[in-house]
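This report describes the fold of one protein chain. It starts with the sheet, goes on to the helices, and ends with the overall dimensions.

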Amino acid sequence: MELDDTDRAILRILQEDARTPFSEIARRIDMSSATVHDRVGRMEEAGVIEGYHASVDPKAVGYGVSALVGLRVEQGREEDALERLREIEGVREIHLTTGEWDVILRVVAEDTDRLRELMFDRIANMDGFSRSQTMIILGTDYEAEGPPI
């Protein structure tokens with residue numbers, strides 16, 4: 001789907017606040033609510049808009065520690081290893097990468113004791129990984145929602 005300036009304006013508003021009513025979007029971009037509704041529907045159908053999600057603070061729901069984990073995957077074991085990682089509750093993101101690590105995870109845990117258990121009991125003991133490195137996130141200075149539009 002080819003996006004025009006109006007589509008991009010709608011997307012920017014929805015990225016700021018996905019709960020913005022179509023009437024408010026229409027007012028801000030000087031267009032009818034029906035047209036905004038149609039454009040959003042087309043972008044949803046085309047997969048440009050993948051969904052609407054609540055952004056939840058991990059600390060507010062009991063996850064006080066976040067970390068990045070670099071993993072080296074043994075050749076030929078990638079798919080099996082990735083499948084098992086997807087099943088671990090504390091694993092929030094799995095990124096396939098180039099460079100020193102084949103996979104970088106973002107994980108959350110209640111505290112450092114639970115992080116240690118997650119790393120040593122669940123991840124490091126899994127077949128298919130030859131090496132790992134855990135980097136605790138001390139704070140996040142900036143985190144953008146979605147791609148720049």
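Two strands count as paired if DSSP finds at least two bridges between them. The model described here is predicted. In this model, 4 strands form an open sheet in the order β2-β3-β1-β4, with antiparallel pairing. The edges of the sheet are β2 (91–96) and β4 (129–137); each has a single partner strand, so one side of each is left without a neighbour in the sheet. On average, neighbouring strands are turned by 20° against each other, direction ignored. Strands of a sheet pair through backbone hydrogen bonds, either parallel or antiparallel.

Strand β3 covers residues 103–109 and pairs with β2 in the antiparallel sense over 5 bridges.

| Helix pair | Axes come within | Crossing angle |
|---|---|---|
| α1 and α2 | 11 Å | roughly 130° |
| α2 and α3 | 8 Å | roughly 105° |
| α1 and α3 | 11 Å | roughly 85° |

Helix α1 spans residues 5–16 and helix α2 spans residues 22–29; their axes cross at roughly 130°. That angle makes α1 oblique to α2. The crossing of α1 and α2 is right-handed. On the α1 side, the contact is made by Thr6, Ala9, Ile10, Ile13, Leu14 and Glu16, and on the α2 side by Ile25, Arg28 and Ile29. Sorted by class, the contact of α1 with α2 has 6 nonpolar, 1 polar and 2 charged residues.

Helix α3 runs over residues 33–45, and its axis crosses that of α2 at roughly 105°. Angles of 65 to 115 degrees count as roughly perpendicular, and α2 and α3 are therefore roughly perpendicular to each other. Their contact involves Phe22, Ser23, Ile25, Ala26 and Ile29 of α2, together with Ser33, Val36, His37 and Val40 of α3. This contact of α2 with α3 has 6 nonpolar and 3 polar residues, but no charged residues.

The axes of α1 and α3 cross at roughly 85°. These two helices are therefore also roughly perpendicular to each other. From α1, the residues Thr6, Asp7, Ile10, Leu11 and Leu14 meet Val36, Arg39, Val40 and Met43 in α3. By class, the contact of α1 with α3 has 6 nonpolar, 1 polar and 2 charged residues.

**The whole chain**

How many helices and strands does the chain have? There are 5 helices and 4 strands. Read from the N terminus, the elements run α-α-α-β-α-β-β-α-β. The C-alpha trace of the chain spans about 55 × 35 × 25 Å along its principal axes. For a compact globule of 149 residues, the radius of gyration would be near 15 Å, but this chain has 20 Å.

Conventions. Residues numbered from 1 in each chain as written. Predicted model: local features only at pLDDT ≥ 70, side-chain atom pairs only at ≥ 80, totals over all residues. Heavy atoms only, no water. Axes fitted to C-alpha atoms, helices over the stretch in contact; angles between N-to-C directions. Parallel < 35°, antiparallel > 145°, perpendicular 65-115°, else oblique. Left-handed = near helix turned anticlockwise from the far one by under 90°. Contact = heavy atoms within 4.5 Å. Nonpolar A, V, L, I, M, F, W, Y, C, P; charged D, E, K, R; others polar. Rg over C-alpha atoms; globule rule 2.2 N^0.38 Å.
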